[in-house]
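Here is a short briefing on one protein chain. Look over the sequence and the model, then read the points below.

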Amino acid sequence: MNVKNNKRRRESQEKIEKAFIELLQTREIKDITVSDLIKMTELNRSTFYANYIDIFDLADKTREKLENDFGKLFADYDYFNEHTGALKMFRHIKENQIFYKTYFKLCYDEKHLISIYDTERAKKEHIDSNLKYHIEFFRNGLNAIIKLWIAEGCKESPEEMAEVLKQEYRRR
């Protein structure tokens, strides 16, 4: 029986997602087919379609999973010490570069971006009148820094990147 969260189904989904992420490292999403995935995973086509509508549904579900995993990383984020939070984030990114490369590749419409943001701190610093613009500016700037760092192979240390973020945020 193909129950939603049974072990076999979860294992199949994990195999498909792992193969998909592997293919995304060398191909664009439009060039990945269900046939490619079933060959790599040695699963049946029906198994793929029991879990996903098509490749783009797989991409959306994979992106959502990556976002949830990122959110869990910051569940205990210390908003009063942004340096340790940024350091934690950059360490995680460096240790999981394929995860983040995949995430950004799946955000082809740029609507979904990694974001941590302390609205309470922003209000204390009197940003609340234009808060929505400030959040958007911060989120896009943070993502641009992360993308560039990943594209260049994470050459700087996480400590250096946390300092870059701190300096950029303080200059506003």
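## Helix α4 and the rest of the fold

The expected span is 1.5 Å times one less than the number of residues in the helix. Helices (H or I, at least four residues) and strands (E, at least two) are DSSP runs, numbered from the N terminus.

This is a predicted model: local features need pLDDT of at least 70, side-chain atom pairs count only at pLDDT 80 or more, and totals for chains, interfaces and linings use all residues. Residues are numbered from 1 along each chain as its sequence is written, and side-chain values use heavy atoms, with hydrogens and water left out.

**Overall make-up**

- The chain has nine helices and zero strands.
- Read from the N terminus, its elements run α-α-α-α-α-α-α-α-α.
- Of the 172 residues of the chain, 39% count as buried. Buried means under 20% relative accessible area, exposed means over 50%, and partly exposed lies in between (1.4 Å probe, protein chains only).
- Take the contacts in the chain with a separation of 6 or more: residues 24 or more positions apart account for 64% of them. A contact means heavy atoms within 4.5 Å.

**More on helix α4**

- The buried residues of α4 are Ile-55, Asp-57, Leu-58, Ala-59, Thr-62, Arg-63, Leu-66, Phe-70 and Leu-73.
- At the start of α4, a side-chain oxygen of Asp-54 comes to within 3.1 Å of the backbone nitrogen of Phe-56.

**Helix α8**

- Helix α8 covers residues 131-151; at 1.5 Å a residue, its 21 residues should span 30 Å, which agrees with the 30 Å between its end C-alpha atoms.
- Its buried residues are Leu-131, His-134, Ile-135, Phe-138, Leu-142, Asn-143, Ile-146, Trp-149 and Ile-150. They cover an arc of only 155° around the axis, so they sit on the same side of α8. The arc is that of the directions from the helix axis to the C-beta atoms.
- Lys-132, Tyr-133, Phe-137, Leu-148 and Ala-151 are exposed on the other side of α8.
- Just after α8, Gly-153 takes a positive phi of about 80°.

**The nonpolar core**

- The largest nonpolar core has 39 residues. Such a core is a set of buried Ala, Val, Leu, Ile, Met, Phe, Trp, Tyr and Cys residues joined through side-chain atoms within 4.5 Å.
- The residues with the most contacts inside this core are Phe-20, Leu-37, Phe-48 and Phe-90.
- At least two core residues come from each of α1 (7-24), α2 (34-41), α4 (55-73), α5 (82-95), α6 (97-106), α8 and α9 (158-170). α4 gives the most, with six residues.
- Leaving out residues up to four places away in sequence, Phe-20 touches Ile-29, Ile-32, Leu-37, Ile-55, Leu-58, Ala-59, Thr-62 and Leu-106.
- In soluble globular proteins, nonpolar side chains tend to be buried together.

**Salt bridges**

- The structure holds six salt bridges. A salt bridge is a side-chain nitrogen of Lys or Arg within 4 Å of a carboxyl oxygen of Asp or Glu.
- Asp-36 and Arg-27 form one of them (2.6 Å, N to O). Asp-36 counts as buried at 19% relative accessibility, whereas Arg-27 is partly exposed at 29%.
- Lys-61 and Asp-57 form a salt bridge as well (3.2 Å, N to O). These two are four residues apart in helix α4, so about one helical turn separates them. Lys-61 is partly exposed at 36% relative accessibility, while Asp-57 is buried at 14%.
- Glu-159 forms a salt bridge with Arg-91, with the closest N and O atoms 2.9 Å apart. Glu-159 lies in helix α9 and Arg-91 in helix α5, so the pair ties together parts that are 68 residues apart in sequence.

**Around Glu-159**

- Glu-159 is partly exposed, with a relative accessible area of 38%. Arg-91 is partly exposed, with a relative accessible area of 38%.
- Glu-159 touches Leu-87 and Arg-91, not counting residues up to four places away in sequence.
- Glu-159 and Phe-90 are 69 residues apart in sequence, and their C-alpha atoms are 7.8 Å apart in space.

How values were computed. A polar contact is a pair of N or O atoms within 3.5 Å; within protein, one must be able to donate a hydrogen and the other to accept it, and residues adjacent in sequence count only if both atoms are side-chain atoms.
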